[in-house]
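Colleague: Before I use this model, I would like to go through the wording. Please set each label against its definition.

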Protein chains: 2
Amino acid sequence: MGFSQDNLKGFVLALSSSAFIGASFIIKKKGLRRAAAASGARAGSYIGQLNNISFCMVSHIVIVGEVANFVAYAFAPAVLVTPLGALSIIVSAVLAHFILNEKLHQLGILGCVMCIAGSIVIVIHAPQERPITSVQEIWSMATQPAFLLYVGSVIVLVFILIFHFAPQCGHSNVLVFTGICSFMGSLSVMSVKAVGTALKLTFEGNNQLLYPETWFFVFIVATCVITQMNYLNKALDTFNTAVVSPIYYVMFTSLTILASVIMFKDWDGQNVGSIISEICGFIVVLSGTIVLHTTREFERSSSFRGSYASLSPPLSARLCNGNGEFMKHEEENLLPDEAVFFQRQEMH
Amino acid sequence: MGFSQDNLKGFVLALSSSAFIGASFIIKKKGLRRAAAASGARAGSYIGQLNNISFCMVSHIVIVGEVANFVAYAFAPAVLVTPLGALSIIVSAVLAHFILNEKLHQLGILGCVMCIAGSIVIVIHAPQERPITSVQEIWSMATQPAFLLYVGSVIVLVFILIFHFAPQCGHSNVLVFTGICSFMGSLSVMSVKAVGTALKLTFEGNNQLLYPETWFFVFIVATCVITQMNYLNKALDTFNTAVVSPIYYVMFTSLTILASVIMFKDWDGQNVGSIISEICGFIVVLSGTIVLHTTREFERSSSFRGSYASLSPPLSARLCNGNGEFMKHEEENLLPDEAVFFQRQEMH
């Protein structure tokens, strides 16, 4: 198995990140339900009543989860950390079953089992994180021709999507906004990994904050995350969360793995069997999430997330549009008719 | 990957076996449809009209498929060959989509993708077949204490199931008849493997037919297969094929893997990662088949099969109950209302 100490740390961090994010949705939903019961009214009218304690708690849990995910990238390869983001939907599905009494469908259980089986395969075959000793090392990786070609292509494609396709068919084709998010997301994860590694080295006594490269990566993180969140919100405002989430997950995770394989050469020195197993594991996790999405009410689909940089929809919504937007998504999630309708659409 | 020549042969044989079995169902169904169109009547009345040419063709294809599966066991470990039996439902699902115009549901496609991904993981991590030079070697494996304990437990359990549970709840609990089939199935695969290896050695010039052990294994194959087919028919007569098939598949495959691991020590010398990957692969294939079963009409579920010894339901039905029974299953499969009803039952 060759599971290194650092990979284990990254794995545990990614896992606990998913647990926090998954749990945050349950707490939020429970708070909203309690508020609804107190007011005896429909979602729309009690939104203002969700007390600040619940709200603060949820925000803190989400932040803890995102920080754990951020740190995970400093220890383990993106090929390992990114696909594990899907486990947050299992956590929220299982917790919803026990705490909110939302019956988990038989196929939903199967979806969870698949996500776990696929994640185990990914974890077993994940490559070892290469030891990095300075931010300059990351800089040289980021400026190698192959990765510059990737970055160049991404920037060109994102510009085409933003300026040509977004005005034309952004509101009719779900791939436009999610595509922009996913392309930017792959770059944010790479820069998050650079910043995370720099911080890790700094904490170990090898100060990396003196180098301009570190601050350049911080600037890239900020730019990418803001663009990504902006278009993620547009996607969520235009399309149903249950449609956006799986598409976003597959595009974001695939592109991040591609970027990581080019930049960090994750697959160099791995045998063909391991690489194929990893890809199969990823396909299985993806299939599991789709099965889970198709069979559960879509309320929990907003807990779908990929990485620190992508930020889970509610937090990103809150950061961009303020409290009202954060609530908007919650309210949307509480309409059972729409959920059932969507479920049927998928079924037939 | 360490994929040996013999494993490759076994893999190709298992694959083509699945292709033949899967295709046979499509040809049969097409023949029945043509007969139905010619008579312009409902399934019940045109059953006698399925022409003998179609019938012979189907029988031959099934026999070729079963022989390929039989030979596969002589080359590759049961841990590799048995789970690949599930691929026959993919073949029949895909062929039905293109030839019979039976629309494959989106989740059904996902089920196929999962089966393929899981099978790839299994194939990559399958252990190498140990070289066996005589039937006595297999005999000593079969008489080792651990395997004798397994055989003893299986016989006791099968007797309890047949004489205690079958009269009491055989017609109300699906696990009784399928349990008997699965336990006996694991023993038939082990003896089929012994006979297959003996034949392989004989063809290589090392005659094994002189030894009584070979004939003992032949006797065991016959006994197990007859018992197994008898109770498989009882299970299919009592319960819906779509209920029996996945349960039978998981029990039969799990017990066969267990028996093979005990008798042939398939997992000795494999690292923990490979074994866990194999188990995950098996879980994924299983999940994929359930998803496919849940979403497709159950007509093709009778194409579900495990091994040579288990024989696919129609052939076994034909062998045991004659032509009429063979047609009975086909007729049952043509009732769309029941299929839709069943599908709904699973969905909600």
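Modeller: Start with a pair between the chains: helix H6 of chain A (residues 106–125) packs on helix H12 of chain B (residues 272–295) at an angle of about 150 degrees, and their axes are 9 Å apart. Axes here are lines fitted to C-alpha atoms, for helices over the stretch in contact, and angles between N-to-C directions run from 0 to 180 degrees. Helices (H or I, at least four residues) and strands (E, at least two) are DSSP runs, numbered from the N terminus. The model is predicted, so local features need pLDDT of at least 70 and side-chain atom pairs pLDDT 80 or more, while totals for chains, interfaces and linings use all residues. Residues are numbered from 1 along each chain as its sequence is written, chains are lettered from A and ligands numbered from 1 in the order in which they are written, and side-chain values use heavy atoms, without hydrogens and water.

Colleague: Why are H6(A) and H12(B) called roughly antiparallel?

Modeller: Angles under 35 degrees count as roughly parallel, over 145 as roughly antiparallel, 65 to 115 as roughly perpendicular and the rest as oblique. The angle is about 150 degrees, so H6(A) and H12(B) are roughly antiparallel. Residues in the contact (heavy atoms within 4.5 Å) include Leu110(A), Ala117(A) and Ile124(A) from H6(A), and Ile276(B), Ile283(B) and Val291(B) from H12(B).

Colleague: How many residues of each class are in the contact of H6(A) with H12(B)?

Modeller: There are 14 nonpolar, five polar and no charged residues. Ala, Val, Leu, Ile, Met, Phe, Trp, Tyr, Cys and Pro count as nonpolar, Asp, Glu, Lys and Arg as charged, and the others, Gly among them, as polar.

Colleague: What makes H7(A) and H10(A) oblique to each other?

Modeller: H7(A), residues 135–142, and H10(A), residues 212–238, pack at about 55 degrees, with axes 9 Å apart. That angle places H7(A) and H10(A) among the oblique pairs. H7(A) contributes Val135(A), Gln136(A), Ile138(A), Trp139(A) and Ala142(A) to the contact, and H10(A) contributes Glu213(A), Thr214(A), Phe216(A) and Phe217(A). By class these are six nonpolar, two polar and one charged residues.

Colleague: Why are the buried residues of H7(A) said to line one face of the helix?

Modeller: Buried means under 20% relative accessible area, exposed over 50%, and partly exposed in between (1.4 Å probe, protein chains only). In H7(A) the buried residues are Val135(A), Ile138(A), Met141(A) and Ala142(A). Down the axis they fall within an arc of 110 degrees, so they line one face; the arc is that of the directions from the helix axis to the C-beta atoms.

Colleague: Why is Ser134(A) called buried?

Modeller: Its relative accessible area is 18%, so Ser134(A) is buried. Ser134(A) sits in the loop between H6 and H7 of chain A and touches Leu201(A) and Gln208(A), not counting residues up to four places away in sequence.

Colleague: What is the relative accessible area of Ala194(A)?

Modeller: Ala194(A), in helix H9 (residues 174–203) of chain A, has 0% and is buried. Leaving aside neighbours within four places in sequence, Ala194(A) contacts Ile138(A) and Phe217(A).

Colleague: Why is Lys265(A) called partly exposed?

Modeller: At 32% relative accessible area, Lys265(A) counts as partly exposed. Lys265(A) lies in the loop between H11 and H12 of chain A, and its phi is near 50 degrees, a positive value in a residue other than glycine. Lys265(B) is partly exposed too, at 31%.
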